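Trainee: Hi! I have a new structure open and could use a guide. Can we talk it through together?

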Amino acid sequence: LIYEKSISPLENELHFYEFGNDRLTPSEIKSKPQILLLGQYSTGKTTFIKHFIGQDIPSFKIAMEPSTKNFHVIMSGKDERTVQGSVLSQITEFPFSGLEKFGSAFLDQFEATLCRAEILEGLTFIDT
């Protein structure tokens, strides 16, 4: 991997981790690109994701007033299911273990929907 051969040695040489940054976990290094959608409520973020993945996801709520209080990850999975943030941060094959440092108040507002969509085999969305 490029990270292990080129970037990690440079980080060690420059003492990158002495400035308060955590070392990346293997799951973070190997994770798919993540697309974070930010914006005011009712501007089409969730609708965009639904259109992009080509399916409706029951856990998505679309409303005219503020309706999204969570960070909602949409990622590839064999079976469609929702995983709460506190559980998601404990599953080592997912790149979210570093979020534990933000505490249970944040993890309670963080969740993921795993679903089968071809586009999600190469990337992950985070809806706000």
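This is a predicted model: local features need pLDDT of at least 70, side-chain atom pairs count only at pLDDT 80 or more; totals for chains, interfaces and linings use all residues.

Trainee: Okay, and how many salt bridges does the count come to?
Mentor: The count comes to 2 salt bridges. In one of them Asp 22 pairs with Lys 101, and their closest N and O atoms are 3.1 Å apart. That pair links distant parts of the chain, 79 residues apart. Asp 22 sits in the loop between helix H1 (2-13) and helix H2 (26-29), while Lys 101 is in the loop between helix H4 (85-88) and helix H5 (103-107).

Trainee: Is Lys 101 buried or exposed?
Mentor: Lys 101 is exposed, because its relative accessible area is 59% and the cut-off for exposed is over 50%. Asp 22 has 47% relative accessibility, so Asp 22 counts as partly exposed.

Trainee: Which residue does Lys 50 form a salt bridge with?
Mentor: Asp 56 is the partner of Lys 50, and here the closest N and O atoms are 3.1 Å apart. Lys 50 counts as partly exposed, because its relative accessibility is 22%.

Trainee: New topic: which residues form a nonpolar patch on the surface?
Mentor: Leu 36, Leu 38 and Phe 71 do, and together they have about 300 Å² of accessible area. You can find Leu 38 in the loop between strand S1 (34-37) and helix H3 (45-53). Leu 38 counts as exposed because its relative accessibility is 64%.

Trainee: And Thr 46, buried or exposed?
Mentor: Thr 46 counts as buried, because its relative accessibility is 10%. Thr 46 belongs to helix H3. Take a look at Asp 127 as well: in sequence Thr 46 and Asp 127 are 81 residues apart, yet their C-alpha atoms are 6.6 Å apart in space.

Trainee: What about contacts in the whole chain, how many join residues at least 24 apart?
Mentor: If you take contacts between residues at least 6 apart in sequence, 70% join residues at least 24 apart.

Trainee: Zooming out, what does the secondary structure come to?
Mentor: There are 5 helices and 5 strands. Reading from the N terminus, the order is α-α-β-α-β-β-α-α-β-β. The C-alpha atoms fill a box of roughly 50 × 30 × 25 Å along the principal axes.

Trainee: Last one: what share of the residues is buried?
Mentor: Buried residues make up 34% of the 128 in the chain. The chain exposes about 8500 Å², and carbon and sulfur atoms supply 56% of that area.

Note on methods: Residues are numbered from 1 along each chain as its sequence is written. Side-chain values use heavy atoms; hydrogens and water are left out. Patches are made of residues with over 30% relative accessible area and no salt bridge: like charges are joined within 9 Å, nonpolar side chains (Val, Leu, Ile, Met, Phe, Trp, Tyr) within 5 Å. Accessible areas come from the Shrake-Rupley method with a 1.4 Å probe; for residues, only the protein chains shown count as cover. A salt bridge is a side-chain nitrogen of Lys or Arg within 4 Å of a carboxyl oxygen of Asp or Glu. Helices (H or I, at least four residues) and strands (E, at least two) are DSSP runs, numbered from the N terminus. Buried means under 20% relative accessible area, exposed over 50%, partly exposed in between (1.4 Å probe, protein chains only). Contact means heavy atoms within 4.5 Å.
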